[in-house]
Amino acid sequence: RLRQLRLASAAKAGSPKKAVSQAKPAKANSTTLPAVNSAPKGWNQAQSSPAELQFRVDDSAGSQVGSASISVVGPAGDSSTAPRGKSVGGVSTATLRRDVINRMIQENGWVVNDYQKEIGGRTVYVVVAQSQAKNGRVQSRMFYFTEVDGRIYNVATNSPVEQAERLAEESEKVLDSLQTR
């Protein structure tokens, strides 16, 4: 939806490709520092793009147990027009859930649950999903959405089901550090 809005406004300006490419890096660069400084132990920065920080998550022995990413979804909306309790930063939870559903469809996964919770005094929207790994095992997927400084951030994790609780705890620490920076 955000991409469609950007393209529509860029089309009005006359140059959709330039408007979209100029808008993304400005937001993404502002996410780099807080994410790198607040990564939990075992989260090692992997390949990253200007729009997303990616991490390899290792256990104490150095074996990979999952992956995580931090990205900016888009600008926060107007909180006064969104239904109370059904939005994060003025963006409807239905919109955020739909984004995760679309991603899971592309990856042959499914959404298990979604809920809101409070972390560090702020509302966080959580979508729990699962997908099948290449080895046939079920992978736990967690998507956290929160608003910080007028932007909606997404912290997403992917791990075997046995490691899901550990990554959830660490993701909540990352969210708390983003909110308190």
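The legends below describe close-up views of a predicted model.

**View 1**

**View 1. Strand E8 between its two partners.**
Strand E8 is mostly covered, since nine of its eleven residues are buried. Towards E7, the two strands run antiparallel and are joined by eight bridges, with Val 126 standing opposite Tyr 144 in E8. Towards E9, the pairing is again in the antiparallel sense and extends over ten bridges, and here Glu 147 stands opposite Ile 152 in E9.

**View 2. The two hairpin turns on either end of E8.**
Strands E7 and E8 form a hairpin with five residues between them, and Gly 136 in that turn has a positive phi of about 90°. Strands E8 and E9 likewise form a hairpin, with two residues between them and with Asp 149 in the turn. The phi of Asp 149 is near 50°, a positive value in a residue other than glycine. Asp 149 counts as exposed because its relative accessibility is 53%, where exposed requires over 50%.

Asn 108 lies in the loop between helix H3 (93–106) and E6. Although Asn 108 is not a glycine, it has a positive phi of about 60°. With a relative accessibility of 65%, Asn 108 counts as exposed.

**View 3. The aromatic pair of Trp 43 and Phe 55.**
Two aromatic pairs are counted in the model. In the pair shown here, the ring centres of Trp 43 and Phe 55 are 5.6 Å apart and the ring planes stand at 50°, so the pair is tilted. The pair links distant parts of the chain, with Trp 43 in strand E1 and Phe 55 in strand E2 (residues 52–58), twelve residues apart. Both partners fall under the 20% limit for burial, for Trp 43 has a relative accessibility of 5% and counts as buried, and Phe 55, at 3%, also counts as buried.

**View 4. The salt bridge of Arg 56 and Asp 58.**
The whole structure holds eight salt bridges, and one of them brings together the side chains of Arg 56 and Asp 58, with an N to O distance of 2.6 Å. The two partners fall into separate accessibility classes, as Arg 56 counts as partly exposed at 33% relative accessibility, whereas Asp 58 counts as buried at 10%.

Glu 107 and Arg 103 form a salt bridge in which the closest N and O atoms are 3.3 Å apart. Glu 107 is partly exposed, its relative accessible area being 33%, and Arg 103 is also partly exposed, with a value of 28%. In a second salt bridge, the side chains of Arg 137 and Glu 162 meet at 3.0 Å, N to O. This latter pair links distant parts of the chain, because Arg 137 belongs to the loop between strand E7 (122–132) and strand E8 (138–148) and Glu 162 to the loop between E9 and H4, 25 residues apart. At 43% relative accessibility Arg 137 counts as partly exposed, while Glu 162 counts as exposed at 55%. Salt bridges with shared partners also join Arg 103, Glu 107 and Arg 141 into one network.

**View 5. A nonpolar patch on the surface.**
Trp 110, Val 112, Val 138 and Val 161 form a nonpolar surface patch, and together they have about 320 Å² of accessible area. One of these residues, Val 161, is placed in the loop between strand E9 (151–160) and helix H4 (164–180). Val 161 counts as partly exposed, with a relative accessibility of 40%.

How values were computed. Residues numbered from 1 in each chain as written. Predicted model: local features only at pLDDT ≥ 70, side-chain atom pairs only at ≥ 80, totals over all residues. Heavy atoms only, no water. Patch = residues over 30% accessible without salt bridge, like charges linked within 9 Å, V, L, I, M, F, W, Y side chains within 5 Å. Areas by Shrake-Rupley, 256 points an atom, 1.4 Å probe, with all protein chains shown as cover. Salt bridge = Lys/Arg side-chain N within 4 Å of Asp/Glu carboxyl O. Helix = DSSP H or I, 4+ residues; strand = E, 2+ residues; numbered from the N terminus. Buried < 20%, exposed > 50% of the residue type's maximum accessible area, 1.4 Å probe, protein only. Phe/Tyr/Trp six-rings, centres within 6.5 Å; stacked < 30°, edge-to-face > 60°. Pairing = 2+ DSSP bridges.
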